[in-house]
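I opened my notebook for a friendly walk through one model. Here is what I looked up, entry by entry.

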Amino acid sequence: MDEVNALPPEKLQELAKSLPAPAPQREERTGLPPLPGAEKGKVVLRFAPFPSGALHIGNARGVYINDEYRRMYDGKFYVVFDDTIGSAEKKPLKEGYSLILNDLKAAGVEPDAIFYKSDRIERHYRFVPDLLRSGKAYVCTCPAEKLRLNRENGMACPEREKDPDWQVAQWEGMLSGQYRKGEAVVRLKTALDHPNPAFRDRVLLRISEDEHPRVGHKYRVWPLLEYSWAIDDVELGITHVIRGKDLVMEDQMEEALWAALGMKGPHFAHWGMLRVRESKISKSKSMQEVLSGQYDGWTDPRTWSFGSLERRGIRSEAIRSFVLSFGMSLADIEVPAESLYSENRKLLDPVTPRRAFVSDPELVEIKQFPSGLAQIFLPNHPNMPEMGNRKLKVSGGRFYLPGKDVRANMGREIRLKDFLNLRLLAKASDGIVEAIFTSVPNKPVPRIQWVPQEGAKAVSVLMPDGSRVMGYGEESVSDARIGSIFQFERFGFVRLEGNDERDLLQAVFSHP
RNA sequence: GCUCCCGUAGUCUAGUGGUCAAGGAUAGAGGCCUCUCGAGCCUCUGACGCGGGUUCAAAUCCCGCCGGGAGCACCA
């Protein structure tokens, strides 16, 4: 480059003529990258949650990427509950199914079909005898400890080379109850010197006598994730498996199984790990806190579940554009929630009515309050006159002001925003702050939020960290519909949830 | 430790050999507007991890290093 630049201009001209015409302007790509081998109208995708609880913000990427590809290719989106029996640490939960389906509804994602792995167990069994007879798999009766040790050392377990009849007989023994939990497993034969020990003769099916929330004790032999998916992905006609990169090893395993079963499977694609900075907590950790009562259910804002975001007035479209903005990048990222809030603010700001709200309230009594002033009208939205006005009754001469502003301006003149000017005098022994009216027209003095004591509605705002902020809202918030979203001026967006038993209005903070 | 993946501004992302002296978003700074600390408008700050190669030409290809992450279950 430097050399070329150093050439005299006439030389450059000559050089330019000899070069091929510049490539056409790159087209800016919007949305997700094309899916390899995808044909419009023929793409079938799956979202495969384990029903251990409500969906978490971390699951949003899987939901929306798959849904977005469905849109792009006019394809199908299946929900396939990945509800095999799990483990002691990871159990399917009875309410997990409905929690997830409700979350998907809230997410605005409508599945084309819903499947349950627990309905498909017999389909998984069907291939086992053939795998055993053809010597591609075997029944291993080593204790788990022994199995792992052999695997680490690349050693074969004694059952590996036993004849097919023996294998099939043991398989039947597994099904019939001759073997108990932990006494026998079906393993795929792979290279025993595979660099990844976990890959060596991976377990395909094992025995569990735990009760399953949907099918109870109907089955005692349960497939593991890779084996069940190798079959289900093919049988359900999935064309593209798009999932987090924590599951890349499972791709190899499914491919090894397709080779063994003589099947051809779908394409794979992955995205990197996403963490929302403020949501340090995982789905399984939230589950503990919810089940233990530490949290106020699955919609506690600290869970960062879909339901909790909906409760906070965070729109599904905001979550959608938030997660799609990361594309299919394989980098592991940590994103501040501010990015999500920014998306949501774009949606809420233009349509959300404004209301006055005062936290940490101080009651201020204005002397010489103008006697003729009984009510004023303020616009619902300063930039949207078509949204109309709301009325505030002001005749009482007593107002709640933010304590912070009162303390900072004691003795000075201030303006109640959109209303009138006054001078703060002093806090009387009864706790009421005395003030004196000065004038009405706008004035370059500090402008402060206020709520008339008359009709003031006590509000408790649930914050994202689980704490509550108490304050007063103007009268008009008390008859707002449940689920209404307001911007409390200078405080932030909130969603109203209705009154509690003490007639305290409950609100949930969205974001500033 | 082993296997795999990833390194573009504070954060996220576009970019796949040539108008890329790097685009967008968000955050930050300043200004305008606004009787919100919100929104809007304008301006600005700010990045190709490092070192070698290949090439006329490298963010882009190759190698090494450094840094981050994931996986390494009879969980999903």
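**Entry 1: overall build**

What share of the contacts in chain A with a separation of 6 or more comes from residues 24 or more positions apart? I found 69%, with contact meaning heavy atoms within 4.5 Å.

A note on the ground rules before I go on. This is a predicted model, in which local features need pLDDT of at least 70 and side-chain atom pairs count only at pLDDT 80 or more, while totals for chains, interfaces and linings use all residues. Residues are numbered from 1 along each chain as its sequence is written, chains are lettered from A and ligands numbered from 1 in the order in which they are written, and side-chain values use heavy atoms, with hydrogens and water left out.

I then looked up the secondary structure of chain A and got 15 helices and 27 strands; these are DSSP runs, numbered from the N terminus, with helices being H or I of at least four residues and strands E of at least two. The radius of gyration of chain A is 32 Å, well over the 24 Å that the globule rule gives for 512 residues, so chain A is more spread out than a compact globule. That radius is taken over C-alpha atoms, and the rule is 2.2 Å times the number of residues to the power 0.38. Along the principal axes, the C-alpha atoms of chain A fill a box of roughly 105 × 85 × 40 Å.

I also checked burial: 50% of the 512 residues of chain A count as buried. Buried means under 20% relative accessible area, exposed over 50%, and partly exposed in between, with a 1.4 Å probe and protein chains only. The accessible surface of chain A comes to about 24800 Å², and 51% of that belongs to carbon and sulfur atoms; the areas come from the Shrake-Rupley method with a 1.4 Å probe, and for residues only the protein chains shown count as cover.

**Entry 2: the four-stranded sheet**

I traced an open sheet of four strands in the order β4-β5-β6-β7, with antiparallel pairing. Two strands pair if DSSP finds at least two bridges between them. At the edges are β4 (137-140) and β7 (221-223), each pairing on one side only. Neighbouring strands of this sheet are turned by 20° against each other on average, direction ignored.

Inside the sheet, β5 (residues 185-188) and β6 (residues 203-207) pair over three bridges, and valine 185 stands opposite arginine 206 in β6.

Which helices did I find on these strands? Helix α8 (residues 164-176) packs on the sheet and touches β4, β5, β6 and β7, its direction making about 55° with that of β4. Helix α10 (residues 248-261) lies across β5 and β6 and runs at about 90° to β5. The axes are lines fitted to C-alpha atoms, for helices over the stretch in contact, and angles run from 0 to 180 degrees between N-to-C directions.

**Entry 3: the seven-stranded sheet**

Next I followed an open sheet with mixed pairing and the order β12-β25-β26-β27-β23-β24-β13. Its edges are β12 (354-355) and β13, each with a single partner strand, so one side of each is left without a neighbour in the sheet. β26 and β27 (residues 505-511) pair in the antiparallel sense over six bridges, and phenylalanine 493 has histidine 511 in β27 as its bridge partner. Helix α14 (residues 337-348) lies across β25 (485-488), β26 and β27, at about 115° to β27.

**Entry 4: salt bridges**

How many salt bridges does the structure hold? I got 45, each being a side-chain nitrogen of Lys or Arg within 4 Å of a carboxyl oxygen of Asp or Glu.

One of them joins arginine 120 and aspartate 232, with the closest N and O atoms 2.8 Å apart. Arginine 120 lies in the loop between β3 (113-116) and α5 (121-126) and aspartate 232 in helix α9 (residues 225-235), so the pair ties together parts that are 112 residues apart in sequence. Both arginine 120 and aspartate 232 are buried.

Glutamate 497 pairs with arginine 311 at 2.7 Å between the closest N and O atoms. Glutamate 497 is partly exposed at 27% relative accessible area, whereas arginine 311 is buried at 12%.

**Entry 5: positive phi**

Aspartate 360 has a positive phi of about 50° although it is not a glycine, and it lies in the loop between β13 (357-359) and β14 (361-367).
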